[in-house]
Amino acid sequence: MRRTRILTAVLALAAGLLSGAPTALAADPPRPKLAADTYTWKNARVDGGGFVPGIVFNRTEKNLAYARTDIGGAYRWQQSTKTWTPLLDSVGWDDWGHTGVASLASDSVDPDKVYAAVGTYTNSWDPGNGAVLRSSDRGASWRKADLPFKLGGNMPGRGMGERLAIDPNRGSVLYLGAPSGKGLWRSTDSGVTWSQVTNFPNVGNYVADPSDTSGYSSDNQGIAWVTFDESTGTAGSATKTLYVGVADLQNSVYRSTDAGATWSRLAGQPTGYLAHKGVLDAKNGYLYLAYSDKGGPYDGGKGQLWRYATATGTWTNISPVAEADTYYGFSGLTVDRQKPGTVMATAYSSWWPDTQIFRSTDSGGTWTKAWDYTSYPNRSNRYTMDVSSSPWLSWGANPSPPEQSPKLGWMTESLEIDPFDSNRMMYGTGATVYGTENLGNWDSGGQFTIKPMVQGLEETAVNDLASPPAGAPLLSALGDIGGFRHTDLTKVPSMMFTSPNFTSTTSLDFAETKPDTIVRVGNLDSGPHVAFSTDNGANWFAGTDPSGVSGGGTVAAASDGGRFVWSPAGTGVHHTTGFGSSWSASTGIPAGAIVESDRVDPKTFYGFKSGKFYVSTDGGATFTASSATGLPAGDSVRFKALPGTKGDVWLAGGATDGAYGLWHSTDGGATFTKLSGVEQADTVGFGKAAPGASYQTLYTSAKIAGVRGIFRSTDKGATWTRINDDAHQWGWTGAAITGDPRVYGRVYVSTNGRGVVYGESSDAGSGGGGGTDPTPTPTGACTVTYEVTNQWSGGFQADVRLSNTGSGAWSGWSLSWAFPDGQKVTQAWNAEASQSGTTVTAKNVGWNGNVAAGSSVSFGFTGSWSGTNTKPAAFRLGDQSCTVL
């Protein structure tokens, strides 16, 4: 479930976003007001969404636990609320790779100390080296030791471990197993400096796929774990005996009995397998090892479990099933520290029909399973599952036996019994952290209850965001789990987008004047790559792909929802009317172009590819290249058209070795003006205008006046305010950003592994609480056009056009009318609508409040009716009547 997430940020970054020399500042750019407005930042709750390859409990302090993720940072458990607190939100843009956590260690002698080995990729996708972060306040703040090599928090083999370990008798000594043939490393000053253990005999040799030219699957997975035998040391003195696991099918375990001075291959060890985990039971003198024939976390076709007696050197195969009966490898491995003879392990790569968890209470002599077949395909489970807190974990599936929904999990490489509580266990999957607090029922013959223990841990990679003017405030396009419709940002949605379920949604859009109409596109191994909704994303139906489509690409909806333009992977740009039952190839625009729609004119669409801007005025049938010059030469670009104004386009993107920044067009892309004060920009979005402002609020992830951050402008880009701070950076935020058209100051920010982050302004005059503005009192003549655009049994849709035919501009408007047949407004867009009895009042939504003389504004709504649906006969603008056309 994680293959797609590898490339969420990589494609943009590899195109050159972070390479080359910094762009020189323009002359005298406007200095941003840094953190002049205090923002509160939260996650739009999904709870989980990604792979958790490591869970670490502190061995001396109760309830102190950490989780590491492959791209989304590290977390600390909060027992009082049973939630996770993010610890690496301070990772900045330039160090985005440090959100991938390759390993984590908690100091049992000094529980305030915690260490994280960080770095996302060992190949060229991540331009920076890895580092070891150290904290003396449980991750509230960090200091960094840079390493001379890369680490791979999101590389193959990332579920093995832990690669980072603290000497339990002398906490100033740490070991780190490196990938890529870089060997074993040691620090003797609490992680401040590191040096290679040059006498360690094996740097590893296992690669998942030697033929992979990208360097991703062909990297040497190196040294996988370090385990100390605490019984061989005394407080203050280095532990004498430690074991090291190496990614080598023939030589996987090494030992030192003299505190690392010399090393030897452990005699008699199994061969043909990789030791994913090595867990020591010092009380009984056993080293347990979980073996797989592959490095994981996806693959693994055979496995074994072994026990090594540290005193005698005796090896015992304690596999719960015969090797011939395995179709998976073993990885998740834990010992009950209260009852050391109790051992548990997972079949991490058992994808179908489910993962398996094994438990022994006699040091591996005999085993029981989390589930067994009764008579195939029927299963008997020792557990019950309660996913009511994260109901989307069922994936909306209704599988046939022996599969069940929700699944027990997959990619289950982390499994830990609480060292202070034999009843509590946590394990990570490819989508969440599961846990139980009545594990003892396993042995007593009852059922134990598994629930998500993941609240606060947000690990989705965000590809696109939308905040319509009506309906749900947030729609998201996510890697791996498709995306969600958030009607309440503080609650977990009941289900991801389904029918179809994309593995990753790459782009989505709504019709500006009919926001119940939504389109999304994405990746799917087999099936359609485009889907539509006519109820604001609550329900979906699949469209039909043009020939040759291999991936989602980008998609745009016409402002009235009557047509769509799609630029999928695998073929060229296409357009359709209706809901994608058939598509026609667009001309004049290259394949792979990014496409967007004008938010006013339903026949105008825009595209961008390799430095060229393209415009269509016939619904996407034909495009013409604009004469605009000076735009970014590459394809690391995002652009959007402003709602309410035809031809108003903002474009962000570029690379440090060329044009990079923010551009604005007011003539539909015919020309663009670069904003001189913005050195770099990667996203652009719009939100509700500030009180008294005449233009919608702009938001961007950018570098302005030498500072990287999330910025806001309320004056059309003339000045900017940084609204995040150094503690809230979230690594890479270059995929998408949007303001909320209904709440001034609210902004939704994409991250690559920390989910959707949204900020609320606490500016005293911001209106950030979503309060209503005073009722406007425009003067002058007006006309109204009222049209029922669609009608069905019990419901209808209408468009209203209000024109200023007087001589003065309006700074706000409020239009009212009475329904003659008792109709009721159910939902409105581009206006705030309320109804009392038969009387409806529609007010501007901020960005469309300013209406110049001779101009007009449009809004729409859906309503209910019965009997007849007669149009209103009269409309009033404040206290005056409008002419009805």
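A: Start with a term. A cavity is a set of grid points where a 1.4 Å probe fits but cannot get out. Its volume is the space filled by probe spheres set on those points. Rolling a probe the size of a water molecule over the atoms shows where empty space is left. Keep in mind that this is a predicted model.

Now the search itself. Across the whole structure, five cavities reach 30 Å³ or more. The largest cavity holds about 130 Å³ of space. Its lining is made up of 15 residues. Nearest its centre lie G152, M155, P156, R163 and P179. By type, the lining of the largest cavity splits into seven nonpolar, five polar and three charged residues.

Next, the rings. There are 52 aromatic pairs in the structure. One of them joins W371 and Y373. Their centres lie 5.3 Å apart, with 90° between the planes, and the pair is edge-to-face. W371 has 4%, so W371 is buried. Y373 has 36%, so Y373 is partly exposed.

Take another pair, W392 and F484. The ring centres are 5.8 Å apart and the planes meet at 70°, so this pair counts as edge-to-face. The pair links distant parts of the chain, as W392 and F484 are 92 residues apart. W392 sits in the loop between β29 (383–385) and β30 (414–417). F484 sits in the loop between β35 (474–478) and β36 (485–486). Both W392 and F484 are buried.

Rings also meet charges. The charged end of R520 sits over the ring of W540, at 4.4 Å from the ring centre. Likewise, the charged end of R708 sits over the ring of W93, 3.7 Å from its centre.

Then comes a cluster. Y786, F796, W813, W817, F819, F859, F861 and F875 form one aromatic cluster. Look at W813 and its surroundings. In sequence, N848 is 35 residues from W813, yet their C-alpha atoms are 9.1 Å apart in space. N848 belongs to the loop between β66 (839–843) and β67 (856–864). Its relative accessible area is 5%, so N848 is buried.

On to the strands. Strands of a sheet pair through backbone hydrogen bonds, either parallel or antiparallel. Strand β61 (residues 782–792) shows both kinds of pairing. With β62 (residues 795–804), β61 runs antiparallel, joined by ten bridges. With β69 (residues 880–884), β61 runs parallel through two bridges. Here T783 has T883 as its bridge partner in β69.

Finish with a four-strand sheet. This open sheet has the order β23-β24-β25-β26, with antiparallel pairing. β23 (330–335) and β26 (368–369) stand at the edges with a single partner strand each, so one side of each has no neighbour in the sheet. Five bridges join β24 (residues 343–347) to β25 (residues 356–360). In one of these bridges, V343 is partnered by S360 of β25.

Technical notes. Residues numbered from 1 in each chain as written. Predicted model: local features only at pLDDT ≥ 70, side-chain atom pairs only at ≥ 80, totals over all residues. Heavy atoms only, no water. Phe/Tyr/Trp six-rings, centres within 6.5 Å; stacked < 30°, edge-to-face > 60°. Buried < 20%, exposed > 50% of the residue type's maximum accessible area, 1.4 Å probe, protein only. Lys NZ or Arg CZ within 6 Å of the ring centre and 35° of its normal. 1 Å grid on protein atoms, 1.4 Å probe; cavity = no way out; pocket = protein on both sides within 12 Å on 5 of 7 lines; lining within 4 Å. Nonpolar A, V, L, I, M, F, W, Y, C, P; charged D, E, K, R; others polar. Pairing = 2+ DSSP bridges.
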